[in-house]
Amino acid sequence: IVTERPKAKVSIKPDQHVFRGETVTLRCDIDGEGVTSWKYSWYKDGSDSVFSELQEHTFSSVTESDAGKYSCYGAERGGSRTSNISDEVTLTVSDEAKTLLSVSPQKWLTEGDPVTLICEVKGSSTGWTFSWYTLTASSDSSSHYQLLSDSSRGAGGNYTVSSAAPNHTGVYVCRAKREKPVYNTWYSNKQLLWVTGVSPPVSLIISPSRTQHFTSVSLSLSCEDQSNSDRWRVRRYTDNEQLEDCSSSLRGSQTGSKCTISSTITSDTGVYWCQSESGENYHPVNITIHFDVILESPVHPVTEGDSLTLRCLYKHSPNLRAGFYKDGSLIQSQTTEMIISTVSKSHEGFYYCKHPEREESPKSWISVTASHSESQISVLHTLSSVLTVCPYLLVTVVLIFKCCRMRDST
């Protein structure tokens, strides 16, 4: 009887793509009927020399030099049977694991919107569990990562908030680890989520009242609630990834709930919001500081049906005409201001302005909210629909009941 030679098969744990310092195990499996014991031979990169005769060969702390193409072969101990050599399996060893954090669908949200944070290990997807943190700032302005209480909810790499609340405003990071033995990645890049509340208990008032400002000017920001309380502080997350009090700047000062920056610079660009003594975050606003040209746009969302005025301001040339753009497309050319008399939801988007011979302004997001009257009309329409249908439902129920009674009596 001629028995077909079995083929050896190589497997690598925890993954074919690993990182320097991880423990890696190569395993050779041969499905040969009637063979009780195999002698294994391991080869690397097509070499004829055997570097191991174990079924499982372990690198306790893998390095880049261990990367390569591995194959194995088996011969029966005390017998004549042999296997076919396995296919080559490639082991890749990288210097360090890079964890990438992204946000879907977007990081600027309205209260009630869903959002998902997505954590990935670059080039590797096997065997990872994930932890989620928020960036916090202490009184000495140093930053710390605080583990989210429900961090385990995002063990699969996706941390989903089905209905965002204003208090979800903050800076997030993630990290990943593999077990047996434990290997931890570094913290990921930072991602800011900012959530605009429908009716926040406090408002961030900005003077001058716009989201873009020139350099070397005074800028005032204050948190105002109905009780004129001083329990709020203006916090910010700047483009250089610093989470701090607005007054942490050398040119900043805080008086009660008001922060004043005496002379703005481009590194003051960032998201500003109001934080309560208990750490609740409300009313984030994206503020941009620019040298030469800015777009004057409203700080707060625009209500459907209202008018919207945008102006292009040049620091040293006040009356220059410019083109206005929405989401990259020119919508009005050669004018100092653009007026939309009746705003609709379709006007929501990114706006900027540009003179043909000057650089363009930064982009500003214009948010549009439903009008109060439309909300009332929607509620009334729903209510009237229910009231209209109710009599028909009642008649139907009565007829069904009578039919059942008649059938029972029959």
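I looked up the pairing of β1 first: this strand and β3 (residues 24–30) run antiparallel over 6 bridges. I took helices (H or I, at least four residues) and strands (E, at least two) as DSSP runs, numbered from the N terminus, and counted two strands as paired if DSSP finds at least two bridges between them. The model is predicted, so I kept its limits in view: local features need pLDDT of at least 70, side-chain atom pairs count only at pLDDT 80 or more, and totals for chains, interfaces and linings use all residues. Residues are numbered from 1 along each chain as its sequence is written, and side-chain values use heavy atoms, with hydrogens and water left out.

**Sheet.** I noted that Ala8 sits opposite Ile30 in β3. The open sheet has 3 strands in the order β1-β3-β5, with antiparallel pairing. β1 (8–13) and β5 (56–59) are at the edges with a single partner strand each, so one side of each has no neighbour in the sheet. On average, neighbouring strands here are turned by 15° against each other, direction ignored; axes are lines fitted to C-alpha atoms, for helices over the stretch in contact, and angles run from 0 to 180 degrees between N-to-C directions.

**Largest pocket.** I read its volume as about 1200 Å³. Its lining has 45 residues, and Trp108, Trp194, Thr196, Pro284 and Trp365 are the closest to its centre. A pocket is, on a 1 Å grid over the protein atoms alone, an open set of points where a 1.4 Å probe fits, with protein on both sides within 12 Å along at least five of seven lines; lining residues have an atom within 4 Å of a point. Points are joined across faces, edges and corners, and the volume is the space filled by probe spheres set on them. β25 gives the most to this lining, with 5 residues. I sorted the lining by class into 19 nonpolar, 18 polar and 8 charged residues; Ala, Val, Leu, Ile, Met, Phe, Trp, Tyr, Cys and Pro count as nonpolar, Asp, Glu, Lys and Arg as charged, and the others, Gly among them, as polar.

**Second largest pocket.** I found a volume of about 420 Å³. Of its 22 lining residues, Thr134, Leu135, Thr136, Gly279 and Asn281 lie nearest the centre. β11 gives the most to this lining, with 4 residues. The classes here are 9 nonpolar, 11 polar and 2 charged.
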